[in-house]
Amino acid sequence: MSLTQDLWTMTSDLQDAIRTMPFNTELAQGTLPPETFREYIIQDAHYLEGFARALALAASRAPDAENIARLAGSANGAIAVERRLHSEYMALYDVSPADFAATPPSRACDHYVSFLIRAAAVDPFPVAVTSLLPCFWIYQRVGTAIHAQAAGDHPYRAWIDTYASDAFEASVQGMLDLTDALGEAADTSTRTAMHKAFAAASWHEWKFWDSAYHRHSWGSTISALETEVRNRPSTSNSVP
């Protein structure tokens with residue numbers, strides 16, 4: 001069993017939870033509310049900016065030119081495909097540049113990006129690459145599963161076709177090959193860290209979709225805190 005096969009098997013319960021969670025179930029059925037999908041693509045666009053930075057950081061730390069090229073090639077292919085998709089949906093759902101700028105990253109988006117940038121900047125290169133893998137691989141798996149059952153007039157057909165496409169699959173395969181090669185050369189402690197990184201990043205994938213489905217944001221948290229502060233009894237800080 002290759003390292004990546006082992007990574008997927010180790011997180012199979014979480015992967016099943018992602019595939020069957022309400023966001024992806026309703027997305028597959030075409031019943032996901034348009035306003036929920038609109039909020040999702042705004043957050044995903046924020047995420048892609050951070051993801052691109054993490055990929056660039058990881059590539060800069062690669063030990064040789066071959067690994068730089070392999071990582072950069074996979075990253076460029078996947079990001080180009082996803083950015084074209086988001087440009088289409090931003091226009092379709094009337095998300096202007098001003099709308100995007102006025103909508104901050106959600107808590108889940110912010111935490112996921114912070115996790116990836118920290119991994120890319122600090123962790124050993126094999127661990128950093130493994131942290132980045134779930135974004136590629138899980139989206140491809142989910143997109144392929146939905147593609148197999150989606151009707152031709154599905155309202156989110158462009159999204160489904162993108163993540164089930166041959167071009168995206170090729171980018172994913174590049175990341176899988178790189179991760180397996182790094183795993184073969186890694187010592188036991190590094191392989192253990194790679195397993196932990198993959199599980200953590202997969203959890204962040206689940207949390208991102210769950211947050212998008214429930215439309216969680218920093219704004220609601222900050223508003224609740226402000227209300228709590230306003231409602232607290234006043235206390236005197238004066239010293240007799």
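Begin by selecting the largest nonpolar core, which has 69 residues and in which Phe37, Tyr40, Tyr47, Phe51, Trp159 and Trp209 are those with the most contacts; a nonpolar core here is a set of buried Ala, Val, Leu, Ile, Met, Phe, Trp, Tyr and Cys residues joined through side-chain atoms within 4.5 Å. This is a predicted model, in which local features need pLDDT of at least 70 and side-chain atom pairs count only at pLDDT 80 or more, while totals for chains, interfaces and linings use all residues. Residues are numbered from 1 along each chain as its sequence is written, and side-chain values use heavy atoms, with hydrogens and water left out.

Next, select Phe37 and Tyr40, which both lie in helix α4, three residues apart, or about one turn of the helix; helices are DSSP runs (H or I, at least four residues) numbered from the N terminus. Both Phe37 and Tyr40 are buried, where buried means under 20% relative accessible area, exposed over 50% and partly exposed in between, with a 1.4 Å probe and protein chains only. Their rings form a tilted aromatic pair, 5.6 Å centre to centre with 45 degrees between the planes; rings of Phe, Tyr and Trp (its six-membered ring) pair if their centres lie within 6.5 Å, and planes under 30 degrees apart count as stacked, over 60 as edge-to-face and the rest as tilted. Phe37 and Tyr40 also belong to one aromatic cluster, whose members include Phe23, Tyr47, Phe51 and Phe208.

Keeping Tyr40 selected, display its contacts (heavy atoms within 4.5 Å): leaving aside neighbours within four places in sequence, these are Phe23, Tyr139, Trp159, Phe208, Trp209 and Ala212.

Now turn to the lining of the largest cavity, formed by Asp44, Tyr47, Tyr112, Cys135, Tyr139, Glu205 and Phe208. Helices α4 (34-60), α8 (125-147) and α11 (188-214) are the elements that give two or more residues to this lining. About 30 Å³ of space lies in this cavity, a cavity being a set of points on a 1 Å grid over the protein atoms alone where a 1.4 Å probe fits but cannot get out, with lining residues having an atom within 4 Å of a point.

Two further stops remain. Thr11 is found in the loop between α1 (3-10) and α2 (12-20); Thr11 is buried, with a relative accessible area of 5%, and, neighbours within four places in sequence aside, is in contact with Phe198 and Ala199. Ser114, in helix α7 (residues 107-122), is partly exposed, with a relative accessible area of 43%.

Notes: 1 Å grid on protein atoms, 1.4 Å probe; cavity = no way out; pocket = protein on both sides within 12 Å on 5 of 7 lines; lining within 4 Å. Points joined across faces, edges and corners; volume = space filled by probe spheres on them.
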